[in-house]
Amino acid sequence: MHVNVYYMSDLLEIFNILANVYKLIYRLKNMDPKKIKSSNDEFFVPLPIEDFLTGMKAAVDLYVRLSDEKFVLVFKNGLKTEQSQLAAYKEKSIRYLWAKESEYAKMTEHSVVVAGIAVNSDQTTTPQKAKFVSQAATHIFNEFEHIGLTHEVFEQAKLVTNVTVTLVQNHNDLLGLLESMKGSSSELVRHSMAVSALSVVLGMGLGWKNKNTIEKLSLGGLMHDIGLKALPPELICKPKIQMTSEELTIYESHPFKGMEMVMSLGVVPDDIVSIIYEHHENAIGQGFPRRLRNLKMHPLAKVVACADTFVHLVLANVNCPIPKSPREAILYMEHTMGQPFDKEVFKVLRNITSDFPMDLAS
Ligand SMILES: [Fe+2]
Ligand SMILES: [Fe+2]
């Protein structure tokens with residue numbers, strides 16, 4: 001999807017909202033039904049009916065649950081949800097509409113786009129904007145969970161936004177830099193948020209407890225691809241496989257460009273600069289731009305590099321239109337790529353993906 005939505009008009013506001021969304025999701029997780037298998041062996045996920053009271057077009061087919069395993073289609077994909085019908089469901093104490101799990105990603109894309117439009121519209125009031133943004137954020141992080149990260153991981157990930165908010169609040173200059181992400185495609189925003197969250201989770205999995213370290217992982221993960229903003233937009237939308245060698249060279253300059261951008265500010269901690277510059281390096285010296293080996297790589301960059309690759313494989317993007325399951329992604333990183341990442345970091349990643357529960361004890 002190459003829709004340019006301007007979703008990041010105020011990152012700080014969004015992250016404040018996200019922190020609340022985490023709390024909300026956490027509450028819902030303990031109260032709400034989980035995904036349910038229908039009689040046709042398809043999984044359905046619940047979506048609170050309040051989310052649909054905005055009269056927006058349904059991004060996916062929406063169902064009502066009739067009995068334990070029976071779901072009936074009530075809104076077809078692309079049609080506007082009928083306010084009166086929704087109100088009638090609410091009156092019958094129906095709290096959820098259901099979507100097929102296989103279509104959940106579409107729902108996320110849709111809500112991110114809607115949020116982008118709303119945030120940039122002069123007609124939308126601030127509380128409405130906040131609602132759209134928080135819906136988008138809920139979908140992003142629900143999807144993050146649906147792709148197979150474990151419950152524990154999800155709980156840990158709540159910290160991500162809190163630490164990022166604190167850091168940004170304490171460093172006013174950083175806000176300007178984050179503002180430069182304004183204009184990013186929704187794909188890049190989603191990617192950056194997921195890399196940030198996963199990097200924190202991996203750091204904590206490595207036993208790192210220092211708040212500063214975790215903050216740097218969070219912010220470094222969020223900003224690792226900031227150098228893409230310095231490249232021609234059409235290049236970012238092009239699959240790598242279709243790039244000419246000149247284009248590939250330009251693409252591979254983004255870690256350096258990112259480093260230059262943050263260094264020109266003079267306030268960004270060196271560790272974050274290293275994350276940005278080294279996020280495409282790997283332990284066996286086959287990364288770019290400097291082909292560093294494990295020993296030379298910054299410890300935080302090792303974490304973000306591994307998180308970045310995993311997120312590229314499990315969330316749809318221009319290079320990977322059909323996302324892999326976490327299990328497939330891990331196997332791909334192990335076998336196809338030859339596991340080029342730091343061993344300890346990769347072990348944590350392998351252990352936290354719920355598809356490898358047998359490894360949890362190791
Ligand atoms: Fe990158
Ligand atoms: Fe990236």
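**Reading confidence and local geometry**

Mentor: Let us begin with confidence, as this is a predicted model. Among the elements of the chain, helix 1 (residues 11-31) has the lowest mean pLDDT, 43, whereas helix 10 (residues 245-251) has the highest, 96.

Trainee: Over which stretches is the pLDDT below 50, and how many contacts beyond near neighbours in sequence do they have?

Mentor: The general idea comes before the case. Where pLDDT is low, the predicted coordinates should not be read in detail. Here the pLDDT is below 50 over residues 1-32, a stretch with 60 contacts in the model beyond near neighbours in sequence. It is also below 50 over residues 355-362, where the model has 10 such contacts. For the chain, the mean pLDDT is 73, and 61% of the residues reach 70 or more.

Trainee: How should I read the backbone, and which residue has a positive phi although it is not a glycine?

Mentor: Most residues other than glycine have a negative phi, and most peptide bonds are trans. In this model, aspartate 41 has a positive phi of about 65°. Aspartate 41 is found in the loop between strand 1 (36-37) and strand 2 (43-48).

Trainee: Where is there a cis peptide bond?

Mentor: Phenylalanine 288 and proline 289 are joined by one, with omega about 5°. Proline 289 belongs to the loop between helix 12 and helix 13.

Trainee: What does the pairing of strand 3 with strand 4 look like?

Mentor: In a regular strand the side chains alternate between the two faces of the sheet. Strand 3 (residues 62-65) and strand 4 (residues 71-75) run antiparallel and are joined by four bridges. Arginine 65 stands opposite phenylalanine 71 in strand 4.

Trainee: At what angle do helix 12 and helix 13 pack, and how far apart are their axes?

Mentor: Helix 12 (residues 270-278) and helix 13 (residues 299-314) pack at about 45°, with axes 8 Å apart. The two helices are therefore oblique to each other, and their crossing is right-handed.

Trainee: Which residues make the contact?

Mentor: Helix 12 contributes Asp271, Ser274, Ile275 and Glu278, and helix 13 contributes Leu300, Ala301, Val304 and Ala305. By class, this contact of helix 12 with helix 13 has five nonpolar residues, one polar residue and two charged residues.

How values were computed:
Residues numbered from 1 in each chain as written. Chains lettered and ligands numbered in written order. Predicted model: local features only at pLDDT ≥ 70, side-chain atom pairs only at ≥ 80, totals over all residues. Axes fitted to C-alpha atoms, helices over the stretch in contact; angles between N-to-C directions. Parallel < 35°, antiparallel > 145°, perpendicular 65-115°, else oblique. Left-handed = near helix turned anticlockwise from the far one by under 90°. Contact = placed C-beta atoms within 7 Å. Nonpolar A, V, L, I, M, F, W, Y, C, P; charged D, E, K, R; others polar. pLDDT = per-residue confidence, 0-100. Pairing = 2+ DSSP bridges.
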